[in-house]
Amino acid sequence: EKSFVFLIIETQTNKVVGFSTVKEFSLPDNKAKFIFSGDTIVSQKYWGKNSLGYEFSKYLLAQKLKSPFKKIYWNLISKGYKTYLLLSNNFNEYYPHPHRKTPIEKQKLIDQCGRYLYAKNYNESSGCIEFPNKRKKDCLKSGVCEITPSLLKKNKKVAFFQAANPNWRRGDELVCIGEFTLDLLIKRFFKSISKKQYFKLLFSKEV
């Protein structure tokens, strides 16, 4: 049921070393477009590389340019804190949010997305997709993305994720949305370069 697939290919060997998937959908009585991300799997050798994030940003930009007057939402489900941080560290308007109560209209969108994708397992009370009776539900391997007491103390966003999805270890997923706007790419560009590089770019005489 996916609309698009991202493949990470190692150029030296031409082997697939990672992938992610996307499903585009709309909701009844809503003119917005929703981009749902499925699981993202990347070989450990390539953890921390940003090629997938770059391509996903290009994809979101293309969707916005196709429909400039339509709201574009990234809808993701998170069973690990790093997935939640991808949203919270890169989007201005996203929910659930550690420091803002989710507005009623945004909670309605989250609930609609949860029911649309996982009608049998979405719990509106918790905002999570839950699998309490399924022993073999896919979940993070022990030791991967563990939430330690020091991390909880250090990072308020991780602490919020833990509170919002306390059963993430068994594979429960927190349903989230973030609105994609063009200014996000501009901010990301300037965030990715140092002040020195920025001034060099501004005053360079090279064409």
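I began with the aromatic rings: Phe-4, Phe-6, Phe-56, Tyr-59, Trp-74 and Phe-91 are linked into a cluster by ring pairs. For pairing I used rings of Phe, Tyr and Trp (its six-membered ring) with centres within 6.5 Å; planes under 30 degrees apart count as stacked, over 60 as edge-to-face and the rest as tilted.

I noted the basis of the entries: the model is predicted, local features need pLDDT of at least 70, side-chain atom pairs count only at pLDDT 80 or more, and totals for chains, interfaces and linings use all residues. Residues are numbered from 1 along each chain as its sequence is written, and side-chain values use heavy atoms, with hydrogens and water left out.

I then counted secondary structure and found seven helices and nine strands. These are DSSP runs numbered from the N terminus, helices being H or I of at least four residues and strands E of at least two.

I looked up burial next: 39% of the 207 residues are buried. Buried means under 20% relative accessible area, exposed over 50%, and partly exposed in between, with a 1.4 Å probe and protein chains only.

Beyond its neighbours within four places in sequence, Phe-91 contacts Leu-60, Trp-74, Gly-178, Glu-179, Phe-180 and Leu-184.

I turned to His-97, which sits in the loop between strand S6 (94-95) and helix H3 (104-117). His-97 is buried at 9% relative accessible area. Its side chain makes a polar contact of 3.4 Å with that of Tyr-94. The term covers N or O atoms within 3.5 Å; within protein, one must be able to donate a hydrogen and the other to accept it, and residues adjacent in sequence count only if both atoms are side-chain atoms. The His-97 side chain also reaches the backbone nitrogen of His-99 at 2.9 Å. Not counting residues up to four places away in sequence, His-97 touches Tyr-84 and Phe-160.

I returned to the rings and counted 13 aromatic pairs. Tyr-84 and Phe-160 form a tilted pair, 6.0 Å centre to centre with 35° between the planes. Tyr-84 lies in helix H2 and Phe-160 in helix H5, so the pair ties together parts 76 residues apart in sequence. Tyr-84 is buried at 0% relative accessible area, whereas Phe-160 is partly exposed at 21%.

Methods: Contact means heavy atoms within 4.5 Å.
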